[in-house]
Amino acid sequence: MQVENRQLIGDAALGAIVSAVVAVAVAMDLGGPRGPDAVAYVFAAGLGALMLVRRRFPLLALTATAAGLVAYHATGYPPVGVALPMAAALYSAAEAGAVVAAGSVAGLLVLVSTTFRLLEGEDPQYLLGFELSSTIGLMVAAIALGAAVRATRLLRAEQRRTLALAAQEREREGRRRVEAERLRIARDLHDVLGHTIAVISIQADVATEALDDDRSAVRSALTIIRRAGDDAIRELRGTLGLLRDADPDERRAPTAGLRHLDALVAATESSGLAVHVGVEGEPVDLPVVVDVTACRIVQESLTNSLRHAQATKAEVRLRYAADRIAVTVTDDGRGADLSGEPLGRGLAGMRERAALLGGHLAVSSRPGAGFRVEASLPLETPR
C-alpha cells in the first residue's frame with residue numbers, strides 16, 4: 001500500500017509538471033488563428049491528468065496524449081510543440097515495454113505536425129533545420145530512458161529470481177544432505193544393533209544351556225555379551241555424536257572400519273561361527289567412507305550368517321587392486337532361493353551403500369549351498 005501511495009504521488013507530480021509546461025506554452029501565445037482561452041487550459045489539465053493512468057494503461061495514456069495534441073492544434077490554438085507534452089507518455093509506454101508503439105506514435109505525430117506546420121507557411125529552414133532535430137532528440141531520449149528503466153527493473157527482478165532460486169537450491173541441497181545423513185546414521189545403527197543383538201542372542205542361548213552344567217561356559221558367554229554390549233555402546237556414541245556436530249565438515253569419522261575387522265571376527269567366532277580372513281594384494285589406506293562401507297558389508301554379511309544361515313563357518317576375502325577393493329563373504333549355511341524373494345533391509349542397505357560410492361554389490365545363494373556376498377568399491381568416490 002505504501003508503494004502504491006508513493007507511485008500515485010509521483011504520477012500526480014509528473015502530471016502537474018506536464019500541465020504546467022503545456023499551460024506555459026499556451027500562455028506564451030506564439031501564434032495561431034485562435035488565442036488562448038479556458039478550453040486551451042483544459043487541454044493542458046487533461047494532458048497532465050493522463051499521467052495518473054500511465055502505469056495501468058500506458059498505451060491508453062500514449063494514444064490519448066497524441067490525440068489530445070492533434071485536437072488541440074486542429075482547433076487553432078497557439079502551438080505548444082509535441083515533444084515536451086509527449087515526453088512523459090512516451091517514457092511511460094517504453095517503461096511498460098511498448099517501445100515499438102511509442103516510436104511509431106512519436107514518428108507519426110512528428111510527421112503530421114511538421115506537414116501541417118509547413119502547409120501553414122512556417123519557415124522550413126527553422127522548422128526542419130532546428131526544431132525538428134530537437135523534437136526528435138527529446139522524444140528518442142524519453143523512449144530510451146523508459147526502455148533503460150525497464151531493462152534495469154527486469155535485470156534486478158532476474159537477479160532476485162536467481163538469488164531466490166539459489167536459496168531454494170541451497171535449501172534443497174541442505175535437506176538432501178540431512179536426509180542422506182539420516183539414512184547413513186540409520187544404516188550404521190542397523191548394522192551395529194543387528195550384529196550385537198545376534199551375538200547377544202546366541203551367547204544367551206549358550207549361557208542358558210550351560211547354566212547348570214558348565215559355569216565357566218556361562219561366564220565366558222556373559223563376558224562375550226558384556227564385550228559386545230560395550231562395543232555397541234561405543235559405536236552408538238560415535239554414531240549419535242554426529243548428530244550433535246553443527247558443522248557437517250567437522251564431523252568425526254565413524255569408528256568402524258577394516259582396522260576393527262579382527263575384533264569383529266573375534267566377536268563372531270565367540271558366537272560359534274568360525275571365520276577365516278584372507279587378503280590379496282597390498283593393503284592400502286582407504287578413504288574413510290570406503291573403509292566404513294567395506295567393514296559394514298562384512299559385518300552385515302556375518303550377522304546374516306549368524307542369525308539366518310545356520311552356518312558353521314564363513315570366509316572373508318579382501319582383494320586390493322590399484323583402483324578398488326573387492327570384498328567377498330561366503331558361508332556354508334543352508335542358503336536360500338533368492339529368485340522370488342526380495343532382499344532384506346540389511347542386504348538392500350549394503351547394495352545402496354555400494355551404489356552410492358559408484359560400486360556394486362551382488363548376493364548369490366541357492367538352497368544348501370550357502371550365501372555369497374560380493375562387493376566392489378572404487379577407491380576414489382564420486383563427487
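Modeller: A crossing of two helices is left-handed if the near helix is turned anticlockwise from the far one by less than a right angle, and right-handed if clockwise. The model here is a predicted one, in which local features need pLDDT of at least 70 and side-chain atom pairs count only at pLDDT 80 or more, while totals for chains, interfaces and linings use all residues. Residues are numbered from 1 along each chain as its sequence is written, and side-chain values use heavy atoms, with hydrogens and water left out.

Biologist: Which hand does the crossing of helix 4 and helix 5 have?

Modeller: Helix 4 passes helix 5 in a right-handed crossing; helices here are DSSP runs of H or I with at least four residues, strands are runs of E with at least two, and both are numbered from the N terminus.

Biologist: Why are helix 4 and helix 5 called roughly antiparallel?

Modeller: The axes of helix 4 (residues 83–95) and helix 5 (residues 99–119) cross at roughly 155° and come within 7 Å, where axes are lines fitted to C-alpha atoms over the stretch in contact and angles run from 0 to 180 degrees between N-to-C directions. Angles over 145 degrees count as roughly antiparallel, under 35 as roughly parallel, 65 to 115 as roughly perpendicular and the rest as oblique, and helix 4 and helix 5 are therefore roughly antiparallel.

Biologist: What makes up the contact between helix 4 and helix 5?

Modeller: With contact meaning heavy atoms within 4.5 Å, M86, L90, A93 and A94 of helix 4 meet V99, A102, V105, A106 and L109 of helix 5. These residues divide into 9 nonpolar, no polar and no charged, with Ala, Val, Leu, Ile, Met, Phe, Trp, Tyr, Cys and Pro counted as nonpolar, Asp, Glu, Lys and Arg as charged, and the others, Gly among them, as polar.

Biologist: Why are helix 3 and helix 5 called roughly parallel?

Modeller: Helix 3 and helix 5 pack at an angle of about 5°, with their axes 11 Å apart, and are therefore roughly parallel to each other. L59, L62, A66, L69 and V70 of helix 3 make this contact with A101, A102, V105 and L109 of helix 5.

Biologist: How do you know whether R54 is buried or exposed?

Modeller: Buried means under 20% relative accessible area, exposed over 50% and partly exposed in between, using a 1.4 Å probe and protein chains only; R54 has a relative accessible area of 7% and is therefore buried. R54 lies in the loop between helix 2 (38–49) and helix 3 (58–74).
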